Amino acid sequence: MAKKQRSRNGGTQAFLADRSFYVLGVFLFLLIWQAASMLKLFGDDFSEAFSPFSAFLALIEMAKDGNIVHHAVPSLRRVLVSLVMAIIFALPVGVLVGYFKRLEQLTYVPFQFMRMISPLAWMPIAIIIFGVGDVSVTFLLWLVAIWPLILNTVHGAGRVSPLWLNMAKTMGAGDKGILTKIIIPAAIPDMLTGLRLAVGVSWIILVPAEMLGVPDGLGYFILDTRDRFRYDQLMATIFIIGLIGYLLDSANRWLISKFAWKI
């Protein structure tokens, strides 16, 4: 019993020691941020407003007046809607392209060409087609999200061992059975990796996309704080964007750890 207790205590201490480096990293980040502000690296007139202390006070103010919820919820809604639409479109396309060699050859050049175009270059076209508002933003975020989903799914579907496929065909399985019973389960790790990449790049593109004229959202609020010279709220909004992005990525890492497996 005593031996088990010592082992449990040792494991707890090792866990806390390991996690302490994460806390230390956050502390060092805030220290560097504060030092940059004190050294007026952000400019003589604005460094104080850009400090972490000013951002923290602004964060409390924004929490009290409801600005955080008012602008974070629409941003999250736009990202989630675009991701759902991207998943519905990209995963079936990725599975089919990864399984059928001729389809991969047919789509390779167009896909590589399209994915290398910055989504911000589509902004004028999105406005012309959909007008100013949520639909344009959702379209841009969808356009960003589909490529990591498609390409990672293609990779996952294409790397399935030919032995598995030949064995399934020998046992009488058709294309439908192979896709549903072998290809899709085997591609799940790559699908989840693609989802993680899609979430990250969508959240990054969200801020400039929300500068298309929408009346709310974190990207809109950044412009609003700039126009009102509330640079402390601007830094607080940047902090919120980073925090939400970190939480979204953590959720994706949890999904990968729970549902992904190695072939």
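**Arg230 and Asp232**

I looked up Arg230 and found it partly exposed, at a relative accessible area of 23%. The model is predicted, and I read each value below as computed from it. I then followed the side chain of Arg230 to Asp232, where the two meet in a salt bridge of 3.0 Å, N to O. Asp232 has a relative accessible area of 16% and is buried.

**Other salt bridges**

I searched the whole structure and noted twelve salt bridges. One of them joins Arg78 and Asp134, with the closest N and O atoms 2.8 Å apart. I placed Arg78 in helix 3 and Asp134 in helix 6, so this pair links distant parts of the chain, 56 residues apart. I checked the burial of both partners. Arg78 is buried at 2% relative accessibility, whereas Asp134 is partly exposed at 32%.

I also noted that Arg78 and Asp134 belong to a network of salt bridges that includes Arg77, Glu210 and Asp216.

Next I took Arg159 and Asp190, a salt bridge whose closest N and O atoms are 3.0 Å apart. Arg159 sits in the loop between helix 6 and helix 7, and Asp190 sits in helix 8, so the bridge ties together parts 31 residues apart in sequence. I recorded Arg159 as partly exposed, with a relative accessible area of 38%. Asp190 is buried, at 9% relative accessibility.

**Nonpolar core**

I turned to the largest nonpolar core, which has 63 residues. Ile146, Ile183 and Trp203 touch the most other members. I listed the helices that each supply at least two residues of this core; among them are helix 2 (52-65), helix 3 (67-99), helix 6 (134-158) and helix 10 (231-259). Helix 8 gives the most, with 15 residues.

I then listed what Trp203 touches, leaving out residues up to four places away in sequence. The contacts are Ser75, Leu76, Val79, Leu218, Ile241, Ile244, Gly245 and Leu248.

**Met114**

Met114 is partly exposed, with a relative accessible area of 28%. Leaving out residues up to four places away in sequence, I noted that Met114 touches Trp122 and Trp147. I also took the C-alpha separation of Met114 and Leu143, which is 9.6 Å for two residues 29 apart along the chain.

Note on methods:
Residues numbered from 1 in each chain as written. Predicted model: local features only at pLDDT ≥ 70, side-chain atom pairs only at ≥ 80, totals over all residues. Heavy atoms only, no water. Core = buried A, V, L, I, M, F, W, Y, C linked by side-chain atoms within 4.5 Å. Buried < 20%, exposed > 50% of the residue type's maximum accessible area, 1.4 Å probe, protein only. Helix = DSSP H or I, 4+ residues; strand = E, 2+ residues; numbered from the N terminus. Contact = heavy atoms within 4.5 Å. Salt bridge = Lys/Arg side-chain N within 4 Å of Asp/Glu carboxyl O.
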